[in-house]
Amino acid sequence: MNKKKKEGEGMKKENVHAKHKKSLAERFWEQKYLFLLLLPALVWVILICYAPMTGLYMSFINYTPQGNGYFADMANSQFVGLDWFKYFFSTDFTKIMRNTLATSLLTLLFSFPLPIILALCLNEVRNQKAKKFVQTASYIPYFISWVIAANIFLTFLSSDGVINNLLKFLGLTDESILFFQKGPYFWWIIAIANAWKVLGYNAIIYMAAISGISQDMYEAADVDGATRMQKILHITLPALKPTIMILLILAIGGVLNTGYEQQLLMSNDSILNYSDVLDTYAYRYGLKNGMYSYGTAVGFFKSAVSFILVISANALSKKFSDDNTALF
């Protein structure tokens with residue numbers, strides 16, 4: 001009887017709560033000042049991120065500027081459907097995708113695990129001055145523009161640069177290696193440059209996650225006689241797993257975003273067959289050659305594939321991760 005009475009009281013409370021549940025308009029009005037603060041950011045996202053997406057229509061037409069205005073020229077252009085995509089797939093698709101994936105996967109190979117290793121190493125450093133120095137030194141390249149960073153690599157890897165002189169000193173080569181004249185070398189150079197530039201920035205994210213781990217777990221491990229390596233393997237890394245999975249999903253989604261500044265600054269005509277990626281290809285044909293619709297089609301293809309990769313990586317993370325770590 002008491003159980004039924006409690007259940008009845010619970011049902012009444014739920015009904016009362018349902019009756020007093022506020023509508024969306026009422027909740028919006030109560031929090032109107034918060035939404036007002038959100039308004040500038042919302043306007044920025046619409047104008048900067050979504051409004052330009054109307055230009056994607058250009059990839060389905062034969063767009064030619066006629067001086068009548070952007071939208072008028074698009075409306076008067078011939079509709080060609082998927083012809084620009086078919087043209088891309090039948091011409092340079094294989095070469096461009098090879099270069100893009102090679103550069104991206106090598107970049108992922110270096111830039112994803114290295115920040116984790118650096119963060120774990122810094123966490124074990126007890127000398128605070130040395131720790132801050134290494135952290136600052138690794139973070140500085142993130143603020144250096146690609147113009148300066150590219151010149152650093154061009155200077156170091158030149159025929160009379162530091163790397164060639166070091167290789168000769170060690171007796172590993174008798175002649176200077178022309179790093180920027182050999183196509184396959186370029187993929188590795190770009191991957192190392194990308195990893196070097198973001199190493200310190202990505203390590204800070206993992207350092208922040210490590211700082212949130214309860215010290216009681218480490219103290220309990222000390223009582224049990226755990227070594228430093230055992231604490232890293234059984235406490236630190238498992239605690240970092242959600243952060244690692246989220247960043248991995250984002251990295252997989254951006255696997256086609258190899259950038260174009262570094263390619264444009266360090267590439268040359270002799271290795272164009274190895275340095276040309278989706279971004280530089282779209283730039284060359286879309287802006288330099290005036291094939292606006294073709295460049296838009298290439299960019300649209302890259303964005304569509306990146307979106308599919310993010311969704312797929314997120315679904316796989318949900319399926320195989322024990323803690324159901326995912327973006328959405």
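What is the volume of the second largest pocket? It comes to about 290 Å³, while the largest pocket holds about 680 Å³ of space. Keep in mind that this is a predicted model.

**The largest pocket**

- There are 26 residues lining the largest pocket, and T107, S111, V198, N202 and A251 are the ones that sit nearest its centre.
- Helix 11 is the top contributor here, giving seven residues to the lining.
- Sort the lining of the largest pocket by class and you get 13 nonpolar, eleven polar and two charged residues.

**The second largest pocket**

- This pocket has 14 lining residues, with D279, A282, Y283, G295 and G299 nearest its centre.
- Helix 16 (278-288) and helix 17 (292-320) are the elements that provide two or more residues of that lining.
- Helix 17 has the largest share, with seven residues.
- Class by class, the lining of the second largest pocket splits into seven nonpolar, five polar and two charged residues.

**Helix 6 against helix 11**

- The axes of these two helices come within 8 Å and cross at roughly 40°, which means helix 6 is oblique to helix 11.
- Their crossing is right-handed.
- On the helix 6 side, the contact uses R98, N99, A102, T103, L106, T107, F110 and S111. Helix 11 answers with W187, W188, I190, A191, I192, N194, A195, V198 and N202.
- Ten of the residues in this contact are nonpolar, six are polar and one is charged.

**Helix 7 against helix 11**

- Helix 7 (residues 113-124) packs on helix 11 at about 55°, and the two axes are 8 Å apart. That angle makes the pair oblique to each other.
- Once again you're looking at a right-handed crossing, this time between helix 7 and helix 11.
- Helix 7 brings L114, P115, I116, L118, A119, L120, L122 and N123 to the contact, and helix 11 brings L199, N202, A203, Y206, M207 and I210.
- The residues of this contact count up as twelve nonpolar, two polar and no charged.

**Helix 11 against helix 13**

- Here the packing angle is about 140°, with the axes of helix 11 and helix 13 lying 10 Å apart. This pair counts as oblique too.
- Helix 11 crosses helix 13 in a right-handed way.
- From helix 11, the contact takes in I205, Y206, A209 and I210; from helix 13, T236, L240, T243, I244 and L247.
- Seven of these residues are nonpolar, two are polar and none is charged.

How values were computed. Residues are numbered from 1 along each chain as its sequence is written. This is a predicted model: local features need pLDDT of at least 70, side-chain atom pairs count only at pLDDT 80 or more; totals for chains, interfaces and linings use all residues. Side-chain values use heavy atoms; hydrogens and water are left out. On a 1 Å grid over the protein atoms alone, a cavity is a set of points where a 1.4 Å probe fits but cannot get out, and a pocket is an open set with protein on both sides within 12 Å along at least five of seven lines; lining residues have an atom within 4 Å of a point. Grid points are joined across faces, edges and corners, and a volume is the space filled by probe spheres set on the points. Helices (H or I, at least four residues) and strands (E, at least two) are DSSP runs, numbered from the N terminus. Ala, Val, Leu, Ile, Met, Phe, Trp, Tyr, Cys and Pro count as nonpolar, Asp, Glu, Lys and Arg as charged, and the others, Gly among them, as polar. Axes are lines fitted to C-alpha atoms, for helices over the stretch in contact, and angles run from 0 to 180 degrees between N-to-C directions. Angles under 35 degrees count as roughly parallel, over 145 as roughly antiparallel, 65 to 115 as roughly perpendicular and the rest as oblique. A crossing is left-handed if the near helix is turned anticlockwise from the far one by less than a right angle, and right-handed if clockwise. Contact means heavy atoms within 4.5 Å.
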